[in-house]
Amino acid sequence: MTLLPPVPQARRAALSVAVCAGLAVALTACGGEDPDAGTNGIGKLSAAEIETKAKTAADAATAVRLSGTLVSKGGTYKLNMRLKHDGGTGSVTSKDNTFELLRIGKALYLKADAGFWNPEDGKDDAKPGESDDEAADKLDDKYVKVPEGDPAYNQFRGFTDMDVLLGGLLGMQGELSKGDRTKVGGVRAIKVTAGEGAGGTLDVSLEGEPYPLQFARAGGAGVLTLGDWGKDFSLKAPSKEETVDYGGQLPKTNSQSGSSGD
């Protein structure tokens with residue numbers, strides 16, 4: 001029997017390197033795991049291309065759930081909203097109050113407790129009068145239809161507008177860079193970051209459709225999580241028993257309602 005000559009150690013090492021290089025595409029143990037294995041492939045794209053994919057997916061979606069914190073000119077708000085193109089429903093918590101919003105087309109309803117409608121601002125000379133208390137009690141825990149001509153209409157409506165809120169999230173400005181791979185709610189994602197102070201950080205799904213999953217606004221202006229993309233839900237107007245029609249303009253409230261489109 002003829003024995004094969006031994007392979008020198010240096011040659012064995014070179015052979016091992018060559019084999020690993022040749023199998024890198026197949027991702028054997030030689031090179032470790034491919035971070036894009038089993039994903040939708042957007043991790044291989046540029047930051048700008050990832051943002052474009054995310055915006056396209058969001059624009060095509062019929063519904064979304066949006067929750068988290070939004071810092072606007074009027075204050076800080078905690079949002080828990082379900083949105084679609086013709087309306088939305090959910091709750092908004094400001095510094096002093098929590099109120100519910102429901103919009104069906106142009107019809108906008110607001111529901112809050114008596115404290116929300118009480119114009120007291122904490123000053124001794126600004127205590128509510130008897131008529132104020134009566135108005136607040138009348139509106140307590142009732143849906144109030146917000147008149148379109150009321151100054152607060154557009155501000156409250158903005159919290160229920162899918163296009164407005166997503167437009168603000170996906171309008172990142174400045175130079176974009178691709179960040180780390182991470183997970184949002186157990187879903188693999190990749191970060192896209194705008195230039196410092198110019199737009200924040202967007203986490204885009206690496207699984208299925210490249211939907212935006214989380215957006216951290218620049219300058220600590222809030223973190224919003226997005227989910228239930230394309231999951232439909234019903235919007236139903238409240239009954240007459242649940243509703244108060246206050247007329248052409250809402251009473252003064254204790255809400256610090258800022259512009260949600262900020």
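Mentor: Helix α6 (residues 162–169) lies across β1, β2, β10 (212–216) and β11 (223–227), and runs at about 60 degrees to β1. Contact means heavy atoms within 4.5 Å; axes are lines fitted to C-alpha atoms, for helices over the stretch in contact, with angles from 0 to 180 degrees between N-to-C directions. Helices (H or I, at least four residues) and strands (E, at least two) are DSSP runs numbered from the N terminus. The model is predicted: local features need pLDDT of at least 70, side-chain atom pairs count only at pLDDT 80 or more, and totals for chains, interfaces and linings use all residues. Residues are numbered from 1 along each chain as its sequence is written, and side-chain values use heavy atoms, with hydrogens and water left out.

The strands under discussion belong to an open sheet of 12 strands with mixed pairing, in the order β7-β8-β9-β10-β11-β1-β2-β3-β4-β5-β6-β12. Its edge strands, β7 (177–184) and β12 (243–244), each pair on one side only; two strands pair if DSSP finds at least two bridges between them. Strands β1 (residues 63–72) and β2 (residues 75–84) run antiparallel and are joined by 10 bridges. S72 has G75, in β2, as its bridge partner.

Next, the nonpolar cores. Such a core is a set of buried Ala, Val, Leu, Ile, Met, Phe, Trp, Tyr and Cys residues joined through side-chain atoms within 4.5 Å. Buried means under 20% relative accessible area, exposed over 50%, and partly exposed in between (1.4 Å probe, protein chains only). The largest core has 49 residues, and L101, L110 and W229 have the most contacts inside it. Helix α2 (residues 47–60) gives the largest share of this core, five residues. Another core, of seven residues, lies apart from it and includes A63, Y109, F233 and L235. Leaving out residues up to four places away in sequence, L110 touches residues including F99, L101, F116, W117, Y143, V144 and F156.

Some loop residues remain. D228 is in the loop between β11 and β12 and has a positive phi of about 50 degrees although it is not a glycine. At 32% relative accessibility, D228 is partly exposed. D141, in the loop between α4 (130–139) and β6, also has a positive phi, near 60 degrees. Most residues other than glycine have a negative phi. D150 sits in the loop between β6 (142–145) and α5 (153–158) and is buried, at 7% relative accessible area.
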